[in-house]
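Subject: Structure handover

Hi,

Here is the structure I promised to pass on to you. My notes on it follow below, with the cut-offs spelled out as the terms come up.

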Amino acid sequence: MVQKYQSPVRVYKYPFELVMAAYEKRFPTCPQIPVFLGSEILHESRSADGAVHVVERSCRLRVEAPRLLRKIAGVEHVVFVQRNVLNWKERTLVIEAHNETFASRVVVTENCSYTVHPENEEWTCFEQSASLDIRSFFGFESALEKIAMKQYTANIKKGKEVIEHYLKELISQGTSHIPRWTPAPNSEKDTHSQAGLSDPGSLEVCRPGSAGGPSEETVGTEGDKLDTDYIERCLGHLTPMQESCLIQLRHWLQETHKGKIPKDEHILRFLRARDFHLDRAREMLCQSLSWRKQHQVDLLLQTWRPPALLQEFYAGGWHYQDIDGRPLYILRLGHMDTKGLMKAVGEEVLLQHVLSVNEEGQKRCEGNTRQFGRPISSWTCLVDLEGLSLRHLWRPGVKALLRMIEVVEDNYPETLGRLLIVRAPRVFPVLWTLISPFINENTRQKFLIYSGSNYQGPGGLVDYLDKEVIPDFLGGECLCNVPEGGLVPKSLYLMEEDQEHEDQLRQWGETYQSASVLRGAPHEVAVEILERESVITWDFDILRGDVVFSLYHAKQAPQLGPQEPGARAGGQLMDKGRAPGGGYSRVEAPLICREGQSIQGSHVTQWPGIYLLHWQVHSAPGHLACSLPGVEDVLTALHSPGPRCKLLYYYEVLASEDFRGSMSSLESCTSHFSQLSAATSSSSGQSHSSSLVSR
């Protein structure tokens, strides 16, 4: 594989002639670059008028490699041949270099140019490019490539420092100005003629744009190329190879994408997301550009107007900036009725709103970069989870959230600088277990999670936010205008309830199951648990009638009917005579669920065995018996008219090792934050359960 390097434009704020005088002082040796052992001139020529000076040098560089590799190679230094073409008239210096040592095994080429700045003729620009192609090297190709690139990039920065060192030395010695070259008194026509007679090769070097025209290529217009000062000022510190990747990807986009190309900050985010692997970053960026064009995302901020309902019930908004100058976005997720919002505006509208937040975040980063005079490429998100409950684990809502995470990860990489999660409740690990696998690991490392009141005081929010901007609802003094959210009235839902239920049955058929519950004929689902401290989660909607929901544990598997292996609707799995304590026990208190309600809950199991999710028709308080109906009751109910309830349900079992790791990590928040990890540890032996009604 050929390794390539392309530098940004380096600007010396000195005239070309003075820079050339400093450049010549680098030879024949250069103490500032220890690997440069020395050089000698192989060939030198000038045009008749003195405008063009050609020098070929042999340069020796010390090999900085492990002793074993040097011994196998049999050399202590390598030889490069350098050809310099200095054109005083055009004020350009073009340098070409290649290796002579191991030329049949390793091909190294380098091209450099010094030119006059296109906007200020008193400044000088420098660019360089290089390639490394290791064809074979005694089986050490990979090691040699790493050594060579490390050594090369280590000396790239030295080049500018060396020139600046000699410029200061010249000025200290009294040489601050060197006059420009002027032609001899004889005519320019005669000069060219004489140059052609005296040196056949000089005619080629005198013509601007000949031999591939490197001098013309290196002088571009403003915006075509990147200079080091701009990168440092607007993009931040980058290593030489990172600069090279940015320039190469930018150049590729200029050649292949007609019209507008992304801003440098945008390109850099994709490179960072792929650890500056050029091919992978290019593929990711191209897919994102196609997505943006298909969905006209570039026009989103001009065209998107959130519905009034979102403005009232979506509990999120921008709020000043963090201590590092990043724009700050606050999301009061615990106060937000995610299920109600999805039913009222739909998933696509919510996705559009999330995209508009990300677009606005990028715009604010650019504004803060200008305001604070330093690169700011990401924003901070503060998520308040007070009020978070299993209502937020509504299955379609979680699926919609995962889709939004995927879209944002694919198209807005490296835009999140830090995520502060405060007041995380005990139910948070369940949500984290569901969504964390879909979040990039680099992003997960930016999560700082606080439980309880750990966000207050030293080590808390004051480490990341100025006291003056901490919201009032978190104990600060700053009035926060982010909407408080709240439950969305059902009258604002998009469709009539019956039609909505039909759509749910059609769209969620693969996830949710429907069931009918008759008086005396409960609906039950058997769930096998192999290890204690597993987590059973459930989510169901009552479409018609009122039911009572309970959870039972059976030491032995109940006898199932011949029709269904796991659950039986319109019947029962437990005999009437097996009262609690006689083979099974109730582990969740009965919960009365009214028509139209959505119920979410979870239970951390204490024992392995069979757990039964149990729904029965709600009766008067006196009829809530501890025992379950028998076979005769079921047969009577099936053949007799009576109340019929309908529900839509889903359940899932989370492995104890996944849940324990998240729970113990959250419970260990005795310091200023904790990061959820995949490590597992034992948690409390007590069973934790909760159920919640979403009205």
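**Overall picture**

Among contacts between residues at least 6 apart in sequence, 77% join residues at least 24 apart, where contact means heavy atoms within 4.5 Å. Please keep in mind that this is a predicted model, in which local features need pLDDT of at least 70 and side-chain atom pairs count only at pLDDT 80 or more, while totals for chains, interfaces and linings use all residues. Residues are numbered from 1 along each chain as its sequence is written, and side-chain values use heavy atoms, with hydrogens and water left out.

The protein has 20 helices and 23 strands; these are DSSP runs numbered from the N terminus, with helices being H or I of at least four residues and strands E of at least two. Of its 695 residues, 50% are buried, meaning under 20% relative accessible area, with exposed being over 50% and partly exposed in between (1.4 Å probe, protein chains only). The accessible surface is about 33,800 Å², and carbon and sulfur atoms account for 51% of that. These areas come from the Shrake-Rupley method with a 1.4 Å probe; for residues, only the protein chains shown count as cover.

**Cores**

The largest nonpolar core has 59 residues, and Tyr314, Leu341 and Ile421 touch the most other members. Helix α15 (residues 395-411) supplies the largest share of this core, seven residues. A second, separate core of 25 residues includes Phe16, Leu18, Phe27 and Tyr114. By nonpolar core I mean a set of buried Ala, Val, Leu, Ile, Met, Phe, Trp, Tyr and Cys residues joined through side-chain atoms within 4.5 Å.

**Helix α3**

Helix α3 covers residues 141-172, and its 32 residues should span 46 Å at 1.5 Å a residue; the end C-alpha atoms are 46 Å apart, which agrees. The expected span is 1.5 Å times one less than the number of residues. α3 also bends by about 25 degrees at lysine 157, the bend being the angle between axes fitted to the seven residues ending there and the seven starting there. After α3 comes glycine 174, with a positive phi near 100 degrees.

**Polar side chains to look at**

Aspartate 322 sits in the loop between β9 (316-321) and β10 (327-331). Because its relative accessible area is 2%, aspartate 322 is buried. Its side chain reaches the backbone nitrogen of arginine 326 at 2.8 Å, and a polar atom of that side chain lies 2.9 Å from the backbone nitrogen of aspartate 324. For polar contacts, I used pairs of N or O atoms within 3.5 Å; within protein, one must be able to donate a hydrogen and the other to accept it, and residues adjacent in sequence count only if both atoms are side-chain atoms.

Asparagine 368, in helix α14 (residues 347-372), counts as buried because its relative accessibility is 8%. A polar atom of its side chain lies 2.7 Å from the backbone oxygen of glycine 325.

Lastly, serine 131 belongs to strand β8 (residues 124-134), and its side chain makes a polar contact of 2.7 Å with the side chain of threonine 109.

Best wishes
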